[in-house]
Amino acid sequence: MLTAQENETLCRVEGEAPMGRLMRRHWIPALLSEQVAEPDGKPVRVTILGEKLVAYRDTEGRVGVLGEMCPHRKASLAFGRNENCGLRCLYHGWKMDVEGNVVDMPSEPKESGFAERVKHKAYPAREAGGFVWIYMGEPALMPAFEPPPWAPTPEAHAAIVRIELPCNWAQIMEGQIDSAHSSSLHSSDMRPARGEAAAKDTHWVRPSTDKNPRIQVQVTNYGMRYAAIRRPIMNAATQDYVRITTLVAPFIALIPPNATYNVASVITPRDDTSSYFHFIAWHPEREAITTEAWRKFCVAEVGVDVDAEFRPMKRHAWNDYLQDREWMKSGDSFTGIPGIPNQDIAMWESMGPIADRTSERLGASDIAVIQFRRIMLDAVARHEAGAEPIGLAEPHLPMAKLRSYQGVVPKTENWRILGASEEEAAALGGIEEEEDERAMSQAAVA
């Protein structure tokens, strides 16, 4: 469990909150490129770390992410005209480019030079892996932009689900790195079967019936890798079924893949009590699943399950997410809720806008969750003391080199380098096993 103050530090991201200051030092996945696909198209509202912003693609295809409120009289630029390489406020016609320069000010005399003295809030933006990424920190400290793990090559393809949720980022991330819950909550969608883990049209299969994984953690300078080790259906005396999840702090979790595609999740804090959740299926060389098929599989189709702004349309806390009790009684669904993300969402939102971690009763299966909290609280403390942000200090591994893993392997196999790229394996080999074991023992007594 955490103290009340530790819980506040972990969860709060708005204003001068220490966690928000840490996150501002990273490139933040703010919205999907598809939301601003059209040059001179409709501006899109987005809130990040409590800041209200507006994103648009200009005439030349550049993406701008500006403060939503016009610097003049604070009318919303979301209503603005996106034209001729700028966003023009409807109220008095002030026009801002993607860098926040006021390029036209028709309500003021040109000879006044007023436009040259006004600079609107604008954050640097880059595109990669289907996302628009922004940097909200001090300009002098801006790190080099690098592609995310699901965009390691130009040929890589990612299908992305996006859902806006009314709960804090940390309880969503904890759900993404919690391997133990999948054997219960998702048991109707992740079914035991002989052979390799695979993705079917309606569900996933994996080669284990074990609901009590042994959790082992390896702390890294970008977050952690951890293994959930289960008994496989076949050859359990000599082999283990290993699922490795990789936390790339602070926003990304790489979920164990299947034989068809890799899986990742991205959690972007909207404010203290709401978040943008992203669930990604990707392949480094080809389109393994279309965006439409992925959203249908996840029961998160735009216009059917979520609206054009990616807000849930049908399933909410007030209607119990349309949980079907008869479906549960039939034995065909453990939860009565369709779609892996929707099952998770019901759990995350039921914890409240910010989960109370002061009275939890945690066990051995929660070691990775406990370690996540310690990693992030330690990262905040170090950053507040003047250290480089987690993931940016040397030796730095580019995100595109990081991976998750799943497979049946001999019990003698060293899980710590399974699935790792050559560069990552070399770095992980430098982390002593004793350090890993000490981290695990600390978590176990938390």
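This is a predicted model: local features need pLDDT of at least 70, side-chain atom pairs count only at pLDDT 80 or more; totals for chains, interfaces and linings use all residues.
Colleague: Which strands make up the open sheet, and in what order?

Modeller: The order is β1-β11-β10, three strands with antiparallel pairing. β1 (27-32) and β10 (125-128) each have a single partner strand, so they stand at the edges and one side of each has no neighbour in the sheet. On average, neighbouring strands are turned by 35° against each other, direction ignored.

Colleague: How many bridges hold the pairing of β1 and β11?

Modeller: Five bridges, in the antiparallel sense, with β11 covering residues 131-135. Leu31 has Val132 as its bridge partner in β11.

Colleague: What should I expect of side chains along a strand?

Modeller: In a regular strand they alternate between the two faces of the sheet.

Colleague: Is β1 mostly covered or mostly open?

Modeller: Mostly covered: six of its six residues are buried.

Colleague: Which annotation covers residues 27-134?

Modeller: UniProt gives "domain: Rieske" for that span, in an unreviewed entry. In the model, the end C-alpha atoms of residues 27-134 lie 5 Å apart. The span is 0% helix and 39% strand.

Colleague: How many salt bridges are found in the whole structure?

Modeller: The search finds 28. One of them joins Arg21 and Glu384, with the closest N and O atoms 2.4 Å apart. Arg21 lies in helix α2 (residues 18-23) and Glu384 in helix α7 (residues 367-384), so this pair ties together parts that are 363 residues apart in sequence.

Colleague: How accessible are Arg21 and Glu384?

Modeller: Arg21 is partly exposed, at 25% relative accessibility. Glu384 is also partly exposed, with a relative accessible area of 39%.

Colleague: Which residue does Arg25 meet in a salt bridge?

Modeller: Arg25 meets Glu388, at 3.9 Å from N to O. Arg25 sits in the loop between α2 and β1, while Glu388 is in the loop between α7 and β22 (405-410), 363 residues apart. Arg25 is buried, with a relative accessible area of 9%, whereas Glu388 is partly exposed at 47%.

Colleague: Where do Arg231 and Asp210 lie?

Modeller: Their side chains meet in a salt bridge of 3.5 Å, N to O. Arg231 lies in the loop between β17 (223-230) and β18 (239-248), and Asp210 in the loop between β15 (204-206) and β16 (214-220), so the pair ties together parts 21 residues apart in sequence. Arg231 is exposed, with a relative accessible area of 52%, but Asp210 is buried at 7%.

Colleague: Which residues are linked in a network of salt bridges?

Modeller: Arg81, Glu83, Arg88 and Asp104 are linked in such a network.

Conventions:
Residues are numbered from 1 along each chain as its sequence is written. Side-chain values use heavy atoms; hydrogens and water are left out. Two strands pair if DSSP finds at least two bridges between them. Helices (H or I, at least four residues) and strands (E, at least two) are DSSP runs, numbered from the N terminus. Axes are lines fitted to C-alpha atoms, for helices over the stretch in contact, and angles run from 0 to 180 degrees between N-to-C directions. Buried means under 20% relative accessible area, exposed over 50%, partly exposed in between (1.4 Å probe, protein chains only). A salt bridge is a side-chain nitrogen of Lys or Arg within 4 Å of a carboxyl oxygen of Asp or Glu. UniProt positions are given in the numbering used here, feature names are shortened, and annotations may be inferred rather than shown by experiment.
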